[in-house]
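This report describes a structure chain by chain. The sequence and coordinates come first.

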Amino acid sequence: MSVLAELKERHTAATETLNGLKDKLKQKRLLLLDTDVAGYARSQGKTPVTFGPTDLVCCRTLQGHTGKVYSLDWTPEKNRIVSASQDGRLIVWNALTSQKTHAIKLPCAWVMTCAFSPGGQSVACGGLDSVCSIFNLNSPNNKDGNLPVSRMLTGHKGYVSSCQYVPDEETHLITASGDQTCVLWDITTGLRTSVFGGEFQSGHTGDVLSVSINGSNSRMFVSSSCDTTVRLWDTRVASRAVRTFHGHEGDVNTVRFFPDGNRFGTGSDDGTCRLFDIRTGHQLQEYSRPYGENGVPHVTSIAFSISGRLLFAGYTNGDCYVWDTLLAKVVLNLGSLQNSHDGRISCLGLSGDGSALCTGSWDTSLKIWAFGGHRTTVT
Amino acid sequence: MTGLKGNGSPPSLPLPRPKSPPEYADLYRKRREMAKVQMLEREIGFLEEELKSIAGLQPASRPCKELAEFVTCNADPLIPVRTKKIRRSCCLWKWLCGASCFNVSSICCCCCQSHLERTRSHDCTTCSCSNPCKGCPTPKCNHCFCCSSRCSNKPTCSWTCCIPKCPSCLTCPSTRCVCNVKCLEGNMCSCCTKSCCNSCLFCY
């Protein structure tokens, strides 16, 4: 038998063994799922969060982009937002006043992601050019009147789908890419500090679509992929993921850490959001609704409220469900409220103090949602 | 003429038989296949490790309990609070806060909800907290510290406390006014008489 034929046989056998082990693992995990979050919360007598008609209102509409909004990010402390759009620009907004402080024309219009640095002095973006570009907001404009790129992080062999600065570090960020890898960058040198996954390391086997860094332990981050899995990484160990999380049945478009740093949420093309525990690997809850004839809308983006009680999820059909994470019930649909978006919700994020949610849409606008009701007390 | 047959047609030539291009050795195919197999075998090793470690794992109820405790112990500015009974605090710091500042209304604004529920005489007008006061019926303006009904500040206030006003006219009566930027193009805001624009990309 030729060497090549032998290798193909080994490949087939190994694939069979791998699938068998995955099934065995799934069965063993099922035995440990004695409850989910909703089951536990019901047993404790929890009642769902209820919203009155004016409790969560759209209090700002940020208009200025002339193309679909693909990504947004808040500054950690002050109320500024950076947004990225198909019109080839980043806009930096003062979210309280709705004013635009910067409108940055990008070298490549096909932007997919943007992020604010922890200090709010720089923004990063990436897209189909496979490059992550950094802009210093305090730099003077160049002779064309544009803010110049202060650093280009090159090295990915596929599009940059997601990026996030390491919390409290102006000089490091993590990108996720269509080349199936995540990369930790040193912005000062422009070099890759670590590559997670890829051709010769264990990692995702499909495009990586989203990344989220643990706010409680910035050495840990999770990445989600078209291979339907989410992987937990330790930035000190790039050779393999700490854990791989299975469960979704479609591309996992978005992943976010839960506020306590020990869990994370996901959103997928299979129409569900899920909550996983990083220490045990258990899937703690699924958030899904039955759908009719129009098919299952995909989840594009998620965010948790500051307490973790609310899970905001944007969908391709324009819905923006507010899930009670404890009871796994939809308590509000921002897509059905007055002044809601006219198109797909593509991105969303919570302000640093948790008092406002920003949603971005293919209708070219961003909207800020905040509590507009009264907090009544005992009488 | 030589070469012609009796009927005048030229002798038939053999049909062309183009040769296939020479096969170049795919020097990397074997290496790629080997890498794929090694990757799979590595993944098998990881799964076998995970199967062994699963025996010592806690059931899902434990992390569910931790999550529920975390959620109920943390306040959330986006969640309406409508409760008829005093919640028992599940966190020690809330109990301590309530015990220590029961009669001090100025401190209570930043403290636990359960304490606020006990201090029924909490006076909004004397509260000087810069954060939205949880005991007050309406959120306070971060900038002017007044309740929303009296706030007439310019748009530096918190989200729903003060309606942002057009910097150009400052007296825009419409509560729906979202004018914010002076537009060089001179577009008119529908709710204001002064020129302002909220959709021009090039405005500052």
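The sections below cover confidence, the two chains and a few single residues.

## Confidence

The model is predicted, and it scores ipTM 0.92 and pTM 0.77. Chain B averages a pLDDT of 57, with 31% of the residues scoring at least 70. Where pLDDT is low, the predicted coordinates should not be read in detail.

## Chain B overall

Chain B holds five helices and zero strands, in the order α-α-α-α-α along the sequence. Of its 204 residues, 38% count as buried. The accessible surface of chain B is about 13,300 Å², and carbon and sulfur atoms account for 56% of that area. Taking the contacts in chain B between residues at least 6 apart in sequence, 13% join residues at least 24 apart.

The buried residues of α1(B) include B:Val37, B:Leu40, B:Ile44, B:Phe46, B:Leu47 and B:Leu51. Among the buried residues of this helix are also B:Glu33, B:Glu43 and B:Glu50. Part of the cover over the buried residues of α1(B) comes from chain A, including α1 (3-32), β16 (230-234) and β17 (243-245).

Helix α2 of chain B runs over residues 61-73. Its 13 residues should span 18 Å at 1.5 Å a residue, and the end C-alpha atoms are 18 Å apart, which agrees. The buried residues of α2(B) are B:Pro63, B:Cys64, B:Leu67, B:Ala68, B:Val71 and B:Cys73.

The domain assignment divides chain A into domain 1 (1-32) and domain 2 (38-371). The C-alpha centres of these two domains of chain A are 34 Å apart.

In the model, residues 62-103 of chain A are 0% helix and 57% strand, with end C-alpha atoms 13 Å apart. For residues 153-195 of chain A the values are 0% helix and 53% strand, and the end C-alpha atoms are 13 Å apart.

## A:Leu32

A:Leu32 belongs to helix α1 of chain A. A:Leu32 has a relative accessible area of 17%, so it counts as buried. Leaving aside residues up to four places away in sequence, A:Leu32 touches A:His282 and, in chain B, B:Ile54, B:Leu57, B:Pro59 and B:Ala60.

## Positive phi in chain A loops

Which residue has a phi near 70°? A:Ser98 has this positive value, and is a residue other than glycine. A:Ser98 lies in the loop between β4 (89-94) and β5 (99-105) of chain A. At 4% relative accessibility, A:Ser98 is buried.

A:Asp168, a residue other than glycine, also has a positive phi, near 65°. A:Asp168 sits in the loop between β10 (160-165) and β11 (172-177) of chain A. With 76% relative accessibility, A:Asp168 counts as exposed.

Methods. Residues numbered from 1 in each chain as written. Chains lettered and ligands numbered in written order. Predicted model: local features only at pLDDT ≥ 70, side-chain atom pairs only at ≥ 80, totals over all residues. Heavy atoms only, no water. Buried < 20%, exposed > 50% of the residue type's maximum accessible area, 1.4 Å probe, protein only. Helix = DSSP H or I, 4+ residues; strand = E, 2+ residues; numbered from the N terminus. Contact = heavy atoms within 4.5 Å. Domains from an automatic or database assignment. Areas by Shrake-Rupley, 256 points an atom, 1.4 Å probe, with all protein chains shown as cover. Expected span 1.5 Å × (residues − 1). pLDDT = per-residue confidence, 0-100.
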